[in-house]
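Work through these exercises with the model in view. Try each task before reading its solution.

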Amino acid sequence: MLQAQELGLGTCWIGWFSARGARKALGVPRRYRIVSLIAMGYPAHTDLKPKRRKALEEICRFNTTDGL
């Protein structure tokens, strides 16, 4: 999903679906268990603003006892 994002694709993890229907539609043998699906495609809207993220040093500490 991260690589898809880098390539400009949108993804959606799907955990609620008909396993029997998915197995039949995708031709998956019964010996395999489908645990999730991922929908992927190019988003219709690309006018989203990039997220402003805090610097890593602002949100985490390594081997220190002082609080954040």
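pLDDT is the predictor's confidence in each residue, on a scale from 0 to 100. It applies here because this is a predicted model.

**Exercise 1. Find which element has the lowest mean pLDDT and which has the highest.**

Step 1. Start with the whole protein chain. Its average pLDDT is 87. A score of at least 70 is reached by 88% of the residues.

Step 2. Turn to the elements. H3 has the lowest mean, 85. S2 has the highest, 95.

Step 3. Keep a caution in mind.

**Exercise 2. Work out the order of helices and strands along the protein chain.**

Step 1. Count the elements. The protein chain has three helices and two strands.

Step 2. Read along the sequence. The pattern is α-β-α-β-α.

Step 3. Met1 sits in the segment before helix H1 (2–6). Ser18 is in the loop between strand S1 (10–14) and helix H2 (19–26). Pro43 is in the loop between strand S2 (37–41) and helix H3 (56–59).

**Exercise 3. Decide whether Met1, Ser18 and Pro43 are buried, partly exposed or exposed.**

Step 1. Take the cut-offs. Buried is under 20% relative accessible area, exposed is over 50%, and partly exposed lies in between.

Step 2. Apply them. Met1 is at 48%, so Met1 is partly exposed. Ser18 is at 46%, so Ser18 is partly exposed. Pro43 is at 41%, so Pro43 is partly exposed.

Step 3. Of its 68 residues, 6% are buried.

**Exercise 4. Describe the surface of the protein chain and the nonpolar patch that includes Met1.**

Step 1. Take the total. The protein chain exposes about 7000 Å². Carbon and sulfur atoms supply 57% of that area.

Step 2. List the patch. Met1, Trp13, Ile38 and Met40 form it. Together they have about 470 Å² of accessible area.

**Exercise 5. Trace which residues Pro43 touches beyond four places away in sequence.**

Step 1. Name them. Pro43 touches Gly8, Leu9 and Gly10.

Step 2. Check one distance. Pro43 and Gly8 are 35 residues apart along the chain, and their C-alpha atoms are separated by 8.1 Å.

Step 3. Ser18 and Ile34 are 16 residues apart, with C-alpha atoms separated by 9.7 Å.

Step 4. Widen the view. Among contacts with a separation of 6 or more, 48% join residues 24 or more positions apart.

Terms used:
Residues are numbered from 1 along each chain as its sequence is written. This is a predicted model: local features need pLDDT of at least 70, side-chain atom pairs count only at pLDDT 80 or more; totals for chains, interfaces and linings use all residues. Side-chain values use heavy atoms; hydrogens and water are left out. Helices (H or I, at least four residues) and strands (E, at least two) are DSSP runs, numbered from the N terminus. Buried means under 20% relative accessible area, exposed over 50%, partly exposed in between (1.4 Å probe, protein chains only). Contact means heavy atoms within 4.5 Å. Accessible areas come from the Shrake-Rupley method with a 1.4 Å probe; for residues, only the protein chains shown count as cover. Patches are made of residues with over 30% relative accessible area and no salt bridge: like charges are joined within 9 Å, nonpolar side chains (Val, Leu, Ile, Met, Phe, Trp, Tyr) within 5 Å. A salt bridge is a side-chain nitrogen of Lys or Arg within 4 Å of a carboxyl oxygen of Asp or Glu.
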